[in-house]
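Work through each task before reading its solution.

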Amino acid sequence: MKTKKMFLAAIACALVSAMPTFATSDLSQSSLNSTEYTWVTDPYERISTHSLAMGGATLADSEFFDSWLDNPAMISKTGFRLVFPSVTVAVNNPSKLLVDGNQNNEPDIVEAAEGSSPLPDISTILLSAIDGRNADIVTTQAMVGLKFRHLATALEVQQNIAYYSTGNGETGYDGTNPDVLSETNAVATAGLGFSMLNGFIDVGASGSFVYRVYSSGVTYDNLYNMIDDDTYSNTLLYQTPFASGYAIPVSVGANVNLPMGLTVSAVMKNINGTYTFTAYDSLKTLLDEDPILSKYTEDLIPDDAGYTGKDPSASYTVTSDSSLSLGAAWKLDSLPFRPVITADLDDCLDYFEAETEEEKQDALMSSLHLGAKANLLGFIDLRAGWSENTRSFGVGLDLLLFHIDAAYYTVEYGDRVGDHPVEGVSVRFSLLNR
């Protein structure tokens, strides 16, 4: 019985989602403070390893299959492409995962490799990355997709484990027992794109069905103790509130293809980004009553003395903001190594809406992304980028049907550039096309 409960608890950990503090006993809209509301309503954002390596400046770059997912005008840029599958992993604070990062002084990976301690379990390894405040720990993502002429489609599943510590700017952040949380998204996207005026202009549009699950947070101590104690597992399965919901956002994009390999792009993202959620009193209620999940998970979790069997609460809606992004790419195919130079202004409306020079400077620093790449020997890509005053770099190997991409980067989680930078690494494996 304990083994089964641990398996179900593992499922719960995979579903705990994107709210940061979760101190409340329900997940209705009225229970969310402004910070929680921001986390819950963030638009879905896929992990792109090559984009991370180039500082996020890939809006006008059509080389990869998933380029059209960020800019639907790229659908008509290339011919038939099939990705089956693509798997991406992104990890923050990688040095803490390897050595001397966990809060309970458990053995780390380096100590295990040296033979001075046993290899720690996966939960200890992941929890080692917590360093206070808030940040992602690890994101995994799988995708299959097809693109042919003017049509494109993709299916994605993404799981993101993160943490959040309470506090404020004056007293600092209490990282001694933060909430561990994650976000689960299942996304189906379809797009349509065309080229006009002999390829001078590309236009495209895409729509997605985004299904999201989130829950109350689980403190570091409780999650750690859950490994060996059924009491904590029962709390997570039968007494922790969950919510699930969906949105159908739309993106539209356009490219202007100029002489000498220069492309300028504009994309309006997350139009109609309104989520309709339903709150549930526990994971069991979610799996038994959710109109989508219950088809596959009803009665997966057995009844328990601690389960009250409450009905789901009424639905509520929350809205995520749309954004306008601009990008440019200069492809110098006639030069050795076929260099590409890119620049993006991500969510640039913040810059145009800023009222003071200081606000404009902060908005510019947050939205400006620069990147570059070069090809060596026909199958090796070297990439570098700059974003929010941090540098990134990466490499890609194009091995016929098998493709590998890797990136090292820094993500800013603070309100302003330099407040809370966190290092990260990402690796992507894909078959057939990149």
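**Exercise 1.** Is Tyr246 buried or exposed, or partly exposed?

The model is predicted, so local features need pLDDT of at least 70, side-chain atom pairs count only at pLDDT 80 or more, and totals for chains, interfaces and linings use all residues. Residues are numbered from 1 along each chain as its sequence is written, and side-chain values use heavy atoms, with hydrogens and water left out.

Step 1: buried means under 20% relative accessible area, exposed over 50%, and partly exposed in between (1.4 Å probe, protein chains only).
Step 2: Tyr246 has a relative accessible area of 35%, so this residue is partly exposed.

**Exercise 2.** Count the aromatic pairs and classify the pair of Phe80 and Phe148.

Step 1: rings of Phe, Tyr and Trp (its six-membered ring) pair if their centres lie within 6.5 Å; planes under 30 degrees apart count as stacked, over 60 as edge-to-face and the rest as tilted.
Step 2: this rule gives seven aromatic pairs.
Step 3: the ring centres of Phe80 and Phe148 are 6.2 Å apart and the planes stand at 70°, so the pair is edge-to-face.
Step 4: Phe80 is exposed at 51% relative accessibility, whereas Phe148, at 47%, is partly exposed.

**Exercise 3.** Classify the pair of Phe209 and Tyr246.

Step 1: the centres of these two rings, Phe209 and Tyr246, lie 5.7 Å apart with planes at 20°, so the pair is stacked.
Step 2: Phe209 has a relative accessible area of 34% and is therefore partly exposed.

**Exercise 4.** Which residues do ring pairs link into a cluster?

Tyr214, Tyr275 and Phe277 form this cluster.
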